[in-house]
Amino acid sequence: MYNEEHLVTADKEGNFYCRAVDAVLNWRENQQVCGVGCPCFAMTDTVAGKDGCFVCRYEEVQSDKDAPLFPSVQGLDKRLEKAYRYAANAHHGQYRKGTKIPYFTHIITTVNYCMELTDDVEVIQAAILHDTVEDTSVTLQDLQREFGERVARIVEADTEDKRRDKPASETWEIRKRETVSHLADKSYEARLVMLADKTANAESLLREWEQTGDAVWNKFNMRDKKMQEWYFRSVAGCLAEFSDTSVMKKLLEYIDRLFGKKAGHE
């Protein structure tokens, strides 16, 4: 299988075993996972300079359940390895909404985009851990103890108050309006992680929408496509400082493809 600049061994149907999520994925179905942010991506020296490859193989389908959820790759920063391992365990058994795609693929895609924006290890750690407090039993105190004050504060800034005492469909709009209204007050690092996260979400949505059309919105707490568009465009508008980055350009491209270009957009 050839996926952009990366090589992964797959069978003729496109299946390959991803050690990062401990599952069989299928590249023909556009499942997100591959990228330089994936802990399975190993950098190697070549005659031409730096090159890289993934260590996932379809033949490794019979995985050792006692093994880590992702491999220890030579050259991977130990601080990132620790964050990956922590997040993989916290999110283990979770799936992307309405799919059989392991949730950890979203983490990897978010980190792919984060690495386009920064090489700050603590910010990348926060990107890896950004959903642990919101969506698992992990607490901010846990993160502070394991990863330090700065990482915990970035994650806290990007953690939504889920209001779990009420149905999520009833609180969707107020939660998203809170995110938009407070985004300008967050730290630069928190806004950077937010951009990476929302770009990963938009990419995933676009991939599904291209296969299922507007039926994709039916699985969400907010099924109104116009409200979804409002949220994505509002977040992008609050992150204008990143307008010249490759990640923001991708986010805007994904939004326009999902919802149609607005008047005045080239």
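What follows are my notes on the fold, the model confidence, the pocket and the salt bridges.

**Ground rules.** I am working with a predicted model, where local features need pLDDT of at least 70, side-chain atom pairs count only at pLDDT 80 or more, and totals for chains, interfaces and linings use all residues. Numbering runs from 1 along each chain as its sequence is written, and side-chain values use heavy atoms, with hydrogens and water left out.

**Overall make-up.** I looked up the secondary structure and got 10 helices and six strands for the protein chain. Those are DSSP runs numbered from the N terminus (helices H or I, at least four residues; strands E, at least two). Of the 266 residues in the chain, 49% are buried; buried means under 20% relative accessible area, exposed over 50%, and partly exposed in between, with a 1.4 Å probe and protein chains only. Next I checked contacts (heavy atoms within 4.5 Å). Among those between residues at least 6 apart in sequence, 63% join residues at least 24 apart.

**Confidence.** pLDDT is the predictor's confidence in each residue, from 0 to 100. The chain averages 83, and 80% of the residues score at least 70.

I noted a volume of about 1000 Å³ for the largest pocket. My grid has a 1 Å step over the protein atoms alone; a pocket is an open set of points where a 1.4 Å probe fits, with protein on both sides within 12 Å along at least five of seven lines, and lining residues have an atom within 4 Å of a point. Points are joined across faces, edges and corners, and the volume is the space filled by probe spheres set on them.

Which residues lie nearest its centre? I get Glu 134, Glu 160, Lys 162, Lys 176 and Asn 201, out of 39 lining residues. Helices α4 (132-135), α7 (168-183), α8 (188-212) and α9 (225-238) each supply at least two residues of the lining. By class I read 12 nonpolar, nine polar and 18 charged. Here Ala, Val, Leu, Ile, Met, Phe, Trp, Tyr, Cys and Pro are nonpolar, Asp, Glu, Lys and Arg charged, and the others, Gly among them, polar.

**Salt bridges.** The rule is a side-chain nitrogen of Lys or Arg within 4 Å of a carboxyl oxygen of Asp or Glu, and the count comes to 25. I looked at Arg 150 with Asp 120, at 2.9 Å, N to O. Arg 150 sits in helix α6 (residues 149-157) and Asp 120 in the loop between α2 (104-117) and α3 (121-129), so this pair ties together parts 30 residues apart in sequence. Arg 150 is partly exposed at 32%, and Asp 120 is too, at 24%.

Then Arg 153, which meets Glu 149 at 2.6 Å, N to O, and also Glu 156 at 2.6 Å, N to O. Arg 153 and Glu 156 are three residues apart in α6, about one turn of the helix.
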